[in-house]
Amino acid sequence: MARSKHPYELKLTVLDLLSQGHTSLRELSRQFQVSHKTIKRWKIRYETFGEEALREATTWTRYPKELKMAAVQTYLDGGYSLTQVIAKYGITSESVLRRWINQYTSHSELKDSGKGMSQSMTKGRKTTLQERLEIVSYCLSHQKDYQLTADTFQVSYYQAYSWTKKFEAEGEEGLRDKRGRTRSEAELTPDEKIRLQMKRLEKENERLRAENLFLKKLEEIERRRR
């Protein structure tokens, strides 16, 4: 388990000074010898999970497969940076998330790394549109307490979080089940468009390789006939 060299009290102090607006991020970084990225990660973790998320873990952090998949997909969807994703899902470091992304994109299976997070953090269930609207309404009326919402409605933390974010961005339409519907290219995120273009290039390269191989064989047959 990677242990932080920054005590809990220092993290709170830095974030408090940052929130007051009198000290810049650059100055805080210089004064406390903490990188900009680390302070930003503390800020996101604090805003998402509260003060307790800044405390040092005392045991090895273990992650279930469902959480790994949710974190990887959230990053690949293009809406969040590595720093934001690790803060949102309580992941210990960017290197851990990068390892999962590499595993996923190289078609290696993501597996449970043991017990750790509560079942409501990872285990989701099927819901109707009306249920999702009710869940989001409850979450928003309780200061976006995603864990409380997950526990109350017996859904996963990720479901409570993603539905709330989709509702804020798209309204009721964002909560409709769109599985099975092929999105147009205009609906894709920049990262998705890049991945689509890469797939197209890969297919075109495969076609050209096959065509070249066919031409070589054809030339070989022609030579033998002479």
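Q: What pattern does the protein follow when read along the sequence?
A: Along the sequence the pattern is α-α-α-α-α-α-α-α-α-α-α. The model is predicted, so local features need pLDDT of at least 70 and side-chain atom pairs count only at pLDDT 80 or more, while totals for chains, interfaces and linings use all residues. Residues are numbered from 1 along each chain as its sequence is written, and side-chain values use heavy atoms, with hydrogens and water left out.

Q: How many helices and strands are there, and what makes a run count as one?
A: The protein has 11 helices and 0 strands. Both are DSSP runs numbered from the N terminus: a helix is H or I over at least four residues, a strand is E over at least two.

Q: What share of the residues is buried, and what makes a residue buried?
A: Of the 226 residues, 29% are buried. Buried means under 20% relative accessible area, exposed means over 50%, and partly exposed lies in between (1.4 Å probe, protein chains only).

Q: What is the accessible surface of the protein, and what share belongs to carbon and sulfur atoms?
A: The surface is about 15200 Å², with 50% belonging to carbon and sulfur atoms. Such areas come from the Shrake-Rupley method with a 1.4 Å probe, and for residues only the protein chains shown count as cover.

Q: Among contacts between residues at least 6 apart in sequence, what share joins residues at least 24 apart?
A: The share is 64%. A contact means heavy atoms within 4.5 Å.

Q: How do you know that the length of helix α8 agrees with its number of residues?
A: The expected span is 1.5 Å times one less than the number of residues. For the 13 residues of α8 (129-141) this gives 18 Å, and the end C-alpha atoms are 18 Å apart, so the two agree.

Q: Which residues of α8 are buried, and what puts them on the same side?
A: They are Arg-132, Ile-135, Val-136 and Cys-139. They cover an arc of only 95 degrees around the axis, which puts them on the same side of α8. The arc is taken over the directions from the helix axis to the C-beta atoms. These buried residues pack against α9 (146-153) and α10 (157-170).

Q: What makes a set of residues a nonpolar core, and which members of the largest one touch the most others?
A: A core is a set of buried Ala, Val, Leu, Ile, Met, Phe, Trp, Tyr and Cys residues joined through side-chain atoms within 4.5 Å. The largest has 16 residues, and Ala-71, Val-72, Tyr-89, Ile-91, Leu-97 and Trp-100 touch the most other members. Two or more residues come from each of α4 (65-76), α5 (82-89) and α6 (94-105), and α4 gives the most, with 5. Apart from this core lies another, of 8 residues, among them Val-14, Leu-28, Val-34 and Ile-39.

Q: Which residues does Leu-97 touch, not counting those up to four places away in sequence?
A: Leu-97 touches Ala-71, Val-72, Leu-82, Val-85, Ile-86 and Ile-91.

Q: Why is the pair Arg-30 and Glu-27 called a salt bridge?
A: A salt bridge needs a side-chain nitrogen of Lys or Arg within 4 Å of a carboxyl oxygen of Asp or Glu. The closest N and O atoms of Arg-30 and Glu-27 are 2.5 Å apart, so the pair qualifies. Being 3 residues apart in helix α2 (25-32), the two are separated by about one helical turn. Arg-30 is exposed at 52% relative accessible area, whereas Glu-27 is partly exposed at 30%.

Q: How far apart are the closest N and O atoms of Glu-168 and Lys-144, and where do the residues lie?
A: The atoms are 2.7 Å apart, and the pair forms a salt bridge. Glu-168 is in helix α10 and Lys-144 in the loop between α8 and α9, 24 residues apart, so the pair links distant parts of the chain. Lys-144, Lys-165 and Glu-168 are linked in a network of salt bridges. The whole structure holds 5 salt bridges.

Q: Why do Glu-168 and Lys-144 count as partly exposed?
A: Their relative accessible areas are 41% for Glu-168 and 33% for Lys-144, so both fall in the partly exposed class.
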